[in-house]
Amino acid sequence: MSVFVVLLGAPGAGKGTQAQRLAARTGLPHISSGDIFRENLKNQTELGKLAQQYMSKGELVPDDVTIAMIRERLSRPDCARGAFLDGFPRTPVQAQALDDMLAELGGRVAVVPFIEVPEEELVERLSGRLICRAQGHIFHKKYRPPKVPGVCDYDGSELYQREDDRPEVVRRRIRVYLEQTMPLVEYYRQRGLLVDIDGTRSVDEVTEALWAVLPDEVKQA
Ligand code: AP5
């Protein structure tokens with residue numbers, strides 16, 4: 001049976017940073033709904049253009065569109081053992097859809113780490129975030145600066161700031177998260193899957209805290 005880890009947390013909590021590290025350590029894929037939308041936008045697909053209308057305002061892309069996209073992604077062969085999910089599910093409708101799709105695919109959610117960071121710190125993290133154009137590696141001007149300014153340590157590509165990391169959009173994203181995604185904390189807590197993780201510690205410390213709560217079936221998948 002394939003095993004999935006759902007990383008929950010506010011925008012800027014560190015889901016992408018940690019998913020990249022855990023994916024590298026386990027060999028399971030890192031699936032970020034936001035990255036898939038951004039890739040589609042870069043390629044000017046219809047999905048990308050539609051998603052952009054919502055992302056630029058800090059709103060969520062409609063559930064039906066997002067669920068269809070993730071269903072297609074999870075059915076690919078590289079997800080046969082499982083994956084780290086970053087940014088999906090984000091609403092109760094998406095969480096139910098994930099349970100249904102995993103039941104069809106013969107998989108299940110193994111654990112849901114909930115990475116908690118106070119709101120003031122989220123804004124600071126997002127306003128200083130830098131992303132690599134080639135592969136989405138994540139840096140921060142102050143907390144995780146690249147060795148050469150403006151250049152990715154891993155692949156040498158240009159670093160850029162996300163359009164939705166502007167302060168007014170960040171504030172809207174945090175509001176949307178509190179209204180639409182926070183109910184998932186209870187959804188997963190009631191199912192005995194939620195684990196609280198203090199996300200205010202260093203990146204390395206948070207990685208080790210996450211590693212400690214991953215079940216063996218994920219580490220050995
Ligand atoms: P998405 O791309 O998923 O963005 P998000 O959830 O808002 O999360 P972020 O990527 O901003 O934050 P993160 O938690 O990954 O933090 P990171 O590791 O980068 O979604 C974007 C948009 O797409 C949405 O607004 C929506 O429109 C749409 N969308 C996506 N999924 C959807 C869905 N399921 N349904 C509908 N719409 C959807 O870290 C942030 C910064 O902090 C970095 O600079 C990092 O270096 C730094 N940092 C990380 N950890 C630490 C630490 N421990 N200490 C200090 N700095 C740290």
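Is tyrosine 188 buried or exposed? Tyrosine 188 is buried, with a relative accessible area of 0% (buried: under 20% relative accessible area; exposed: over 50%; partly exposed: in between; 1.4 Å probe, protein chains only).

The model is predicted, with local features requiring pLDDT of at least 70 and side-chain atom pairs counted only at pLDDT 80 or more, while totals for chains, interfaces and linings use all residues. Residues are numbered from 1 along each chain as its sequence is written, and side-chain values use heavy atoms, without hydrogens and water.

A search of the whole structure gave two aromatic pairs (rings of Phe, Tyr and Trp, the last by its six-membered ring, with centres within 6.5 Å; planes under 30 degrees apart are stacked, over 60 edge-to-face, the rest tilted). The pair of phenylalanine 139 and tyrosine 154 is tilted, because the ring centres are 6.1 Å apart and the planes stand at 35°. Phenylalanine 139 belongs to strand 6 (residues 138–140) and tyrosine 154 to the loop between strand 6 and strand 7 (159–160), so the pair ties together parts 15 residues apart in sequence (strands: DSSP runs of E, at least two residues, numbered from the N terminus). Phenylalanine 139 is buried at 3% relative accessibility, whereas tyrosine 154 is exposed at 52%.

The rings of tyrosine 187 and tyrosine 188 form an edge-to-face pair, with centres 5.0 Å apart and planes at 85°. Tyrosine 187 is buried, at 12% relative accessibility.

Charges also sit over rings (NZ of Lys or CZ of Arg within 6 Å of the ring centre and within 35 degrees of the ring normal). The charged end of arginine 144 is placed over the ring of phenylalanine 139, 5.2 Å from its centre. Arginine 133 lies over the face of tyrosine 160, 4.4 Å from the ring centre.

Definitions and conventions:
Helix = DSSP H or I, 4+ residues; strand = E, 2+ residues; numbered from the N terminus.
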